[in-house]
Each structure stands twice: as C-alpha cells, then as structure tokens.
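Trainee: I would like to learn how to read a model feature by feature. Could you walk me through one?

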Amino acid sequence: MENNTNSTVSTESKVYTAEEVAAILGVSRATAYREIKRLNAELKVQGYITVTGKISKRYFHEKSYL
C-alpha cells in the first residue's frame with residue numbers, strides 16, 4: 001500500500017461531544033445529551049448518518065445561533 005504524502009488529513013474534529021456541548025451551552029451533560037439526541041433525530045429524518053452522543057459542529061452552530 002502506497003503512502004500518499006500529498007494529501008493532508010485534518011486532525012480537528014468535525015463533531016462536538018456531549019461534554020463540549022454542555023460547556024458551550026452552560027448546561028449539564030444530561031441536558032447536552034438530550035439536545036444532541038434531538039438534533040440527531042432531525043438529521044436522521046433528512047437522511048444523514050448520525051453518531052450517538054456527537055453532533056456536527058456545523059449543524060450545531062446553525063441550529064443554536066452561536
């Protein structure tokens with residue numbers, strides 16, 4: 001397998017965890033999980049793949065107006 005050194009992989013995550021959401025919103029971790037679950041349900045209806053306990057940074061900011 002050849003190592004392609006021309007491509008760069010971003011080490012910055014494109015998702016927030018519940019702990020990060022809790023810190024951003026100033027709420028408990030349980031509340032953050034609840035909000036992530038609600039946002040992920042919206043994304044699933046739109047046909048996106050979601051990961052439990054994580055939310056897209058872009059979608060989170062779009063919905064939270066931060």
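Mentor: We will go through the fold, the core, the salt bridges and the pocket in turn. Keep in mind that this is a predicted model.

Trainee: What share of the contacts in the protein with a separation of 6 or more comes from residues 24 or more positions apart?

Mentor: That share is 43%.

Trainee: And what percentage of the 66 residues is buried?

Mentor: Buried residues account for 20% of the 66.

Trainee: How far apart are I55 and I36, in sequence and in space?

Mentor: They are 19 residues apart in sequence, and their C-alpha atoms are 6.0 Å apart in space.

Trainee: I noticed N40 among the contacts of I55. Is N40 buried or exposed?

Mentor: N40 belongs to helix 2. Its relative accessibility is 8%, under the 20% limit, so N40 is buried. Leaving aside neighbours within four places in sequence, N40 is in contact with T50, V51, G53, K54 and I55.

Trainee: Let us turn to charged residues. What is the idea behind a salt bridge, and how many are counted here?

Mentor: Side chains of opposite charge can pair when their charged atoms come close. The count for this model is five salt bridges. One of them joins the side chains of R29 and E19, with 3.6 Å from N to O. R29 is in helix 2 and E19 in helix 1 (residues 18-25), so this pair ties together parts that are 10 residues apart in sequence. As for solvent, E19 is partly exposed at 40% relative accessibility.

Trainee: What about E35 and R38, which also form a salt bridge?

Mentor: Their closest N and O atoms are 2.8 Å apart. Both residues lie in helix 2, three residues apart, which is about one turn of the helix. E35 is partly exposed at 27% relative accessibility, and R38 is partly exposed too, at 42%.

Trainee: And where does K63 find a partner?

Mentor: K63 forms a salt bridge with E42, the closest N and O atoms being 3.5 Å apart. This pair links distant parts of the chain, with E42 in helix 2 and K63 in helix 3, 21 residues apart. E42 is partly exposed, with a relative accessible area of 25%, and K63 is partly exposed at 40%. Salt bridges with shared partners join E35, R38, E42 and K63 into one network.

Trainee: Last, the pocket. How much space lies in the largest one, and which residues are nearest its centre?

Mentor: When reading a pocket, look at its volume, then its lining. The largest pocket holds about 310 Å³ of space. Its lining has 16 residues, and L43, Y48, S56, R58 and Y59 lie nearest the centre.

Trainee: Which elements supply the lining of the largest pocket, and how do the lining residues divide by type?

Mentor: Helix 2 (29-45), strand 2 (54-56) and helix 3 (57-64) each supply at least two residues of the lining. Helix 3 has the largest share, four residues. By type, the lining has seven nonpolar, four polar and five charged residues.

Terms used. Residues are numbered from 1 along each chain as its sequence is written. This is a predicted model: local features need pLDDT of at least 70, side-chain atom pairs count only at pLDDT 80 or more; totals for chains, interfaces and linings use all residues. Side-chain values use heavy atoms; hydrogens and water are left out. On a 1 Å grid over the protein atoms alone, a cavity is a set of points where a 1.4 Å probe fits but cannot get out, and a pocket is an open set with protein on both sides within 12 Å along at least five of seven lines; lining residues have an atom within 4 Å of a point. Grid points are joined across faces, edges and corners, and a volume is the space filled by probe spheres set on the points. Ala, Val, Leu, Ile, Met, Phe, Trp, Tyr, Cys and Pro count as nonpolar, Asp, Glu, Lys and Arg as charged, and the others, Gly among them, as polar. A salt bridge is a side-chain nitrogen of Lys or Arg within 4 Å of a carboxyl oxygen of Asp or Glu. Buried means under 20% relative accessible area, exposed over 50%, partly exposed in between (1.4 Å probe, protein chains only). Contact means heavy atoms within 4.5 Å.
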